[in-house]
Amino acid sequence: MKRTTKIASIALIASSAFAGAAAAGSLENTTVEAPVFTPAPMPAPVAVDGNWTGFYTGLQVGKTDIDSDSGTLDGDDTSYGFHAGYDYDFGKFVLGGELDYDKTDIDLGGGAGDVDSVARAKVKAGYDFGNTLVYATAGAARADTSVGDETGPFAGLGVTYKVTDRYTVGGEVLQHKFDDVGGTGDDLDATTISLRGSMRF
């Protein structure tokens, strides 16, 4: 009986030793793989409709510079205001109309008073480059001054870019002509440069 117990104990010790050796061998042969990180997918670009047909309204800010033919009257100041209009896209050619209003405070000197604001009625004709519209514009402008109102023609160029289907940003340069402002006999040339932001409907 004692001999049988002793043999069993030796067998148990031997099997434990072999199991330990096998485990040690398996640990030596184990390959640890580095974790794989999958980058998050980039968001898809926002699709913007290149059709310019529709109403729009927005705000503008810029600078208005006024000079007279005689050189006796001049002045400049910041201008800011709002605009509203409608465009119709014929495919590549775009026609539109717009009303806008700029508030300013330009001291002309020489007894001609101040220019307080300029309102405009515009027609626009442009080329559709998809998300970008380049256009020419012209019409009639009315300058409100402290010595009276004067109406004259203007013309200019502009560009508008669609950030989304509803929001656009752009810029515009306009050249105006006002004759005999306030009965002074002076003709005024006014240049307006403005940045514009609009919402389309």
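Close-up 1. Phe-55 counts as exposed because its relative accessibility is 52%, where exposed means over 50% relative accessible area, buried under 20% and partly exposed in between (1.4 Å probe, protein chains only). This is a predicted model, so local features need pLDDT of at least 70 and side-chain atom pairs count only at pLDDT 80 or more, while totals for chains, interfaces and linings use all residues. Residues are numbered from 1 along each chain as its sequence is written, and side-chain values use heavy atoms, with hydrogens and water left out. A search of the whole structure turns up four aromatic pairs (rings of Phe, Tyr and Trp, the last by its six-membered ring, with centres within 6.5 Å; planes under 30 degrees apart are stacked, over 60 edge-to-face, the rest tilted). One of them is Phe-55 with Tyr-86, a tilted pair at 4.6 Å centre to centre and 55° between the planes. Strands here are DSSP runs (E, at least two residues), numbered from the N terminus. Tyr-86 is partly exposed, at 32% relative accessible area.

**Close-up 2. Phe-82 and Tyr-101, another tilted pair.** These two rings lie 5.9 Å apart centre to centre, with 35° between the planes. Phe-82 belongs to strand S2 and Tyr-101 to strand S3 (residues 93-107), so the pair ties together parts that are 19 residues apart in sequence. Phe-82 is partly exposed at 48%, and Tyr-101 is partly exposed at 30%.

**Close-up 3. Gln-60, buried among polar partners.** Gln-60 is part of strand S1 (residues 54-68) and counts as buried because its relative accessibility is 4%. Its side chain makes a polar contact of 2.6 Å with the side chain of His-83, and another of 2.8 Å with that of Asp-102. For such a contact, N or O atoms must be within 3.5 Å; within protein, one must be able to donate a hydrogen and the other to accept it, and residues adjacent in sequence count only if both atoms are side-chain atoms. Leaving aside neighbours within four places in sequence, Gln-60 is in contact (heavy atoms within 4.5 Å) with residues including Tyr-80, Phe-82, Tyr-101, Ser-194 and Arg-196.

**Close-up 4. Two lysines over rings.** The charged end of Lys-124 sits over the ring of Tyr-135, 4.6 Å from its centre. Lys-162 lies over the face of Trp-52, at 5.0 Å from the ring centre. To qualify, NZ of Lys or CZ of Arg must be within 6 Å of the ring centre and within 35 degrees of the ring normal.

**Close-up 5. The largest nonpolar core.** This core has 14 residues, and Ile-66, Leu-108, Val-115, Phe-178 and Leu-188 touch the most other members. Strands S4 (114-128), S5 (132-145), S7 (167-178) and S8 (188-200) each supply at least two residues of the core. A core here is a set of buried Ala, Val, Leu, Ile, Met, Phe, Trp, Tyr and Cys residues joined through side-chain atoms within 4.5 Å. Leu-108 touches, among others, Ile-66, Val-115 and Leu-188.

**Close-up 6. Strand S8 and its neighbours.** S8 pairs antiparallel with S1 over 13 bridges, and twelve bridges join S8 to S7, also antiparallel; pairing takes at least two DSSP bridges. Ile-193 in S8 stands opposite Lys-63, and Asp-189 in S8 stands opposite Lys-177.

Key: Helix = DSSP H or I, 4+ residues; strand = E, 2+ residues; numbered from the N terminus.
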